[in-house]
Amino acid sequence: MTFETIPTNLARLRERIAEAALRAGRQPADVRLVAVTKTFPVDALLVAWEAGQRDFGENRPEEGAQKVLEAATRLSNATARPIWHMIGHIQRRKAHLVSAYFDMVHSVDRLALAQKLSALAVEAGREMPVLLECNVSGEASKYGYPVAGWEGDAAIREQMYAEVAAVEALPGLRLEGLMTMAPLVEDAESVRPVFASLRALRDALREHFSALALPHLSMGMSNDFEVAVEEGATLVRIGRAIFSS
């Protein structure tokens with residue numbers, strides 16, 4: 001497997017992200033590209049690193065922990081290190097791996113997981129940035145807080161306010177925003193309402209909790225990231241468009 005197209009892929013993606021941001025009246029620098037390295041070897045990550053990529057995402061705690069360690073060894077002489085994002089579903093019994101090896105968690109989808117991560121962060125003497133995963137589309141196959149239709153359902157809003165308050169109160173965690181996964185479709189425009197709904201939910205939470213900045217919206221992948229950026233994404237999670245030739 002060769003990875004000579006990765007620098008070109010990254011450069012083109014950065015251009016497209018910048019163009020999407022400018023179309024929405026945003027600054028391109030406000031959007032971070034998270035290169036999703038799941039199923040790809042550290043060799044691919046190192047090519048991306050040499051091309052200037054610094055944020056990397058993994059879906060599985062065990063595979064990700066191994067990759068973090070190998071990358072650290074192979075980049076031991078570098079003046080910086082990769083920033084690691086856990087973007088996949090987390091079982092509570094594997095939360096210790098996430099706490100030990102990852103810098104940010106996008107996929108906190110229930111209070112029990114947040115409580116476990118909180119305890120581990122306190123034990124380690126760290127503050128972990130986390131995002132709450134929200135199932136905006138209502139797909140049964142998706143993880144996340146069930147918020148589909150929240151705009152017209154006061155009960156869903158009140159439940160989400162209660163969940164946010166509970167997570168925000170936990171020590172060792174810093175709640176920085178929301179994440180969602182849109183349905184996989186051919187026409188990216190068809191999922192624009194999903195991204196717009198997550199942004200509106202974030203704005204509603206900011207209004208309800210005046211002390212919460214919630215700067216981040218993690219949304220958008222290889223097939224729909226431009227629409228996500230236009231709708232306010234600050235973190236886009238892209239793998240295939242970077243690492244596949």
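Colleague: Leaving aside its neighbours within four places in sequence, which residues is glutamate 176 in contact with?

Modeller: Glutamate 176 is in contact with Met104, Pro129, Val130, Leu131, Leu214, Pro215 and His216. Contact means heavy atoms within 4.5 Å. One caution first. This is a predicted model, where local features need pLDDT of at least 70 and side-chain atom pairs count only at pLDDT 80 or more, while totals for chains, interfaces and linings use all residues. Residues are numbered from 1 along each chain as its sequence is written, and side-chain values use heavy atoms, with hydrogens and water left out.

Colleague: Where is glutamate 176? And is glutamate 176 buried or exposed?

Modeller: Glutamate 176 is in strand β7. Helices (H or I, at least four residues) and strands (E, at least two) are DSSP runs, numbered from the N terminus. Glutamate 176 counts as buried, at 13% relative accessibility. Buried means under 20% relative accessible area, exposed over 50%, partly exposed in between (1.4 Å probe, protein chains only).

Colleague: Which side chain does glutamate 176 join in a polar contact?

Modeller: That of arginine 174, at 2.7 Å. A polar contact is a pair of N or O atoms within 3.5 Å. Within protein, one must be able to donate a hydrogen and the other to accept it, and residues adjacent in sequence count only if both atoms are side-chain atoms.

Colleague: You listed Leu214 there. What is the phi of leucine 214?

Modeller: Leucine 214 has a positive phi of about 45 degrees, although it is not a glycine. Most residues other than glycine have a negative phi. Leucine 214 lies in the loop between α7 and β8 (216-218). Its relative accessible area is 1%, so leucine 214 is buried.

Colleague: What about threonine 39 and its phi?

Modeller: Phi of threonine 39 is near 70 degrees, which is positive, and threonine 39 is not a glycine. Threonine 39 sits in the loop between β1 (32-36) and α2 (42-50). Threonine 39 is exposed, with a relative accessible area of 60%.

Colleague: Switching to salt bridges. How many are there?

Modeller: The count comes to 21 salt bridges. A salt bridge is a side-chain nitrogen of Lys or Arg within 4 Å of a carboxyl oxygen of Asp or Glu. One of them joins glutamate 58 and lysine 67, at 3.0 Å from N to O. Both glutamate 58 and lysine 67 are buried.

Colleague: Which parts does the bridge between arginine 192 and glutamate 231 tie together?

Modeller: That bridge is 2.9 Å, N to O. Arginine 192 lies in helix α7 (residues 192-208) and glutamate 231 in the loop between α8 (225-230) and β9 (235-238), so the pair ties together parts that are 39 residues apart in sequence. Glutamate 231 counts as buried, at 12% relative accessibility. Leaving aside neighbours within four places in sequence, arginine 192 is in contact with Val227, Glu230 and Glu231.

Colleague: How far apart are arginine 206 and aspartate 203 in helix α7?

Modeller: They are three residues apart, so about one helical turn separates them. Their side chains meet in a salt bridge of 3.8 Å, N to O. Arginine 206 counts as partly exposed at 32% relative accessibility. Aspartate 203 is partly exposed too, at 33%. Elsewhere, salt bridges that share partners join Arg23, Glu189, Arg192, Arg199, Glu230 and Glu231 into one network.

Colleague: New topic, helix α6. Which of its residues are buried?

Modeller: Ile156, Met160, Tyr161, Glu163, Val164 and Val167. Seen down the axis of α6, they fall within an arc of 165 degrees, so they line one face of the helix. The arc is that of the directions from the helix axis to the C-beta atoms.

Colleague: What covers those buried residues?

Modeller: The cover includes α5 (111-124), β5, β6 (145-146), β7 (173-179) and α7. In strand β5 (residues 128-135) you find leucine 132. Leucine 132 is buried, with a relative accessible area of 0%. Among its contacts, leaving aside neighbours within four places in sequence, are Met160, Val164 and Val167.
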